[in-house]
Amino acid sequence: MNRIPLIMAGVLATVIASLFGLVLIPDMQFQQMQPKEVMAADGSTAVYPVALDEYNEAPGKEVYRAMGCVYCHSQQVRPEGFGADIERGWGQRRSVPRDYVLQDPPYLGTMRTGPDLANIGVRQPSDDWHYLHLYDPQITSPGSVMPPFKFLYETTVGEKPNPPLGSPVIQLPESYASQATWIVPTQDAMNLVSYLKSLKQLFDVEDVQ
Amino acid sequence: MNQPVPHGDPRTEFDTMDVGVRAKIDRSCREVVLFWYASSVFWLVLGSVLALVASIKLHTPWFMADAEWLTFGRVRPAHLNTMIYGWASMSGMGTLLWLMARLCKIPLPWRETMVLAGFYWNAMVAIGTFQILIGNGTSIEWIEFPWWISIPLGAVFLIVIALTIKMLRERREKHLYVSQWYLFGSTIWFPFLYIGATILIHSPAAIGVAKGTANWWFAHNVLGLWLTPIGLASAYYFIPKVLGRPIHSYYLSIIGFWTLALFYNWAGTHHLIGGPLPAWLVTVGTVGSMMMFVPVITVAVNHHLTMVGNFSKLRVSPTLRFIVFGAMSYTLVSVQGSLTALRSVNETGHFTHYTIAHAHLGVYSFYTMIAFGSMYYVMPRLVEREWISSRLIKVHFWCCGIGIAMYWVGLSIGGWMQGTWMNNPDIPFLDIVGRMIPYLWSRSIAGTLMTIGHFAFAILVWKMLRREGEWLVEPTLFISRKEAAEAAATVQPGASS
């Protein structure tokens, strides 16, 4: 077999076949899945999934991207009987394709140096917890290997600062900082926390699928 | 010289080739290939430093923690992209051009264009890495460069494809050796994958989880259809070349090529097993991974049967030692990869450092070691000087060889434990983080060893480029001149290095 066009055709055919099989055909399936009305346990209805709001959550996703959170945190709950995601409380149910139809792109992740975040908005609804954890994970999770993101804060020692309207001021615990130390999150930090709090995979699988 | 050569025998192909013709081809490659090689070594050293920073941060999180641009989530992709697009792709391109010229038996055409392309490539990798460090990376694994870098990078390949086709059409050797198949395939596959995946991920052409499958269709195939073909093309060329005997079976090598082309494509979704995918898609990925046993076994058998009876030459030839190390790692990494696609293995190994160990076994132990071996053979022929020190080559080999072995063993065991602990909900997550720290330290130590090896190699390449070695009288081998002379009796004259 010494014919160049024939080799070229074969080489292209194999890769095009897999492009269709792995990406384009599944994509046709996903394109059908738009947000739909689902009934919650209490009988009320809601549309799911919900798009990120464009003021805080969507910019927060950009911070998540820029900081490379995906390299240590996945956003997918494995099914029951495959790993222990549900037992660990990382989700009420496995993740399904519809959870991601509005995510552009989804940060599914392949590594769990840290825990899964698919439902971090359900597990950790507290702003202050997130702010302290991001400032230095050792405050809330001693022994963590997550890097501190102090550069996302204004830090003041001594008197309580007067932050811009809408920014929270949080005092670091005395066990962590001997002098009175205050942190004010930057807009980036606030957006990131809004995004993290938006991460919720709700409703039953059957309802969602 | 137009009669077909049976069994793609590089010995008959080349040793009957006029020495003058060979020298002319080497001279035509000189500036181009040396430029791509030298650039790749620069990225190798930079990528190693970035790797060390990332590795240390994983067990010592306060290390350089105040530098936003060096936060773990940026250093890690900066490391990956400098290594893949800087080191691996540029060294691969150098070898690709040289092999193509040698196998087509024609001087390298479009030399100025290819040097310019090298400058352009360097600039793109530099800008792309900078963009990752300032926070403009995409956080899509292996495609972290912004789209306005990845599309121009892929587009350069239009020139490379045209050049490859031109060389193949004008070749003076009618018979195509298996290395040429692999090289030609890789020049078409890479831009198709890179540009295709960039469009799918940054445009509405795919939505939701389809962007995730596009990610792994690409990322798995960068290794499988870009670096692997170059690595295999090099192994198929240099092992017979250094030994001075033909490859065991021409037909096995062709079967190996087409089965790789058919099956490697489909294996990528095994990175998403247990994820939010339709079940059939995961099954397809698992089947593709299992079918990879076919090309892997054919290549392993072919290389092994070529080597049989000649293992003693590993003591002598740096090229052979690096390349055989790489070729054996190819078998190991591929078998491991196929097994990783099994649900039961994936349940534990996925989401852990086990996968990281596996990735390094592929890109480093297989591809990078073969790239080192190739450069040890090619560079003296381009510069017309020998390597300055066999002791430094030894330092390079043993630091990298022991380093990657330690890396793989440490993280494979650690990662497997990590997965086992994670699947046991009674162990708190933070406990697992703590228990992993010794394994992460072992990675930093292994990485330091490998980096020392890379510096040794960089010194060798620097001295080579400054033409500080001796005239090309006899190759720099691992053993003394006297021993080498005795061993040379068993090595094909003019075929060793």
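Q: Which residues have the most contacts inside the largest nonpolar core?
A: This is a predicted model, in which local features need pLDDT of at least 70, side-chain atom pairs count only at pLDDT 80 or more, and totals for chains, interfaces and linings use all residues. Residues are numbered from 1 along each chain as its sequence is written, with chains lettered from A and ligands numbered from 1 in the order in which they are written. A nonpolar core here is a set of buried Ala, Val, Leu, Ile, Met, Phe, Trp, Tyr and Cys residues joined through C-beta atoms within 7 Å, where buried means 20 or more other C-beta atoms within 10 Å of the residue's own, C-beta atoms being placed from the backbone. The largest one has 204 residues, and the most contacts inside it belong to B:Val33, B:Leu97 and B:Ala101.

Q: Which helix gives the largest share of this core?
A: Helices are DSSP runs of H or I with at least four residues, strands are E runs of at least two, and both are numbered from the N terminus. With 22 residues, the largest share comes from chain B, residues 209-243, which is helix H8.

Q: Which residues does B:Leu97 contact, leaving aside neighbours within four places in sequence?
A: Contact means that the C-beta atoms, placed from the backbone, lie within 7 Å. By that test B:Leu97 touches B:Cys29, B:Val32, B:Val33, B:Leu108 and B:Met114.

Q: Which element gives the most to the side of chain A that touches chain B?
A: Here 61 residues of chain A meet 72 of chain B. Helix H1 (4-31) and helix H2 (57-66) of chain A are the elements giving two or more residues to chain A's side. The top contributor, with 19 residues, is H1(A).

Q: Which turn residue in the hairpin of E1(A) and E2(A) has a positive phi?
A: Strands E1 (residues 36-39) and E2 (residues 45-48) of chain A pair antiparallel over 4 bridges, and A:Met39 has A:Thr45 as its bridge partner. The hairpin has 5 residues between the strands, and the one with a phi of about 95° is A:Gly43.

Note on methods. Contact = placed C-beta atoms within 7 Å. Pairing = 2+ DSSP bridges. Buried ≥ 20, exposed ≤ 12 C-beta atoms within 10 Å, placed from the backbone.
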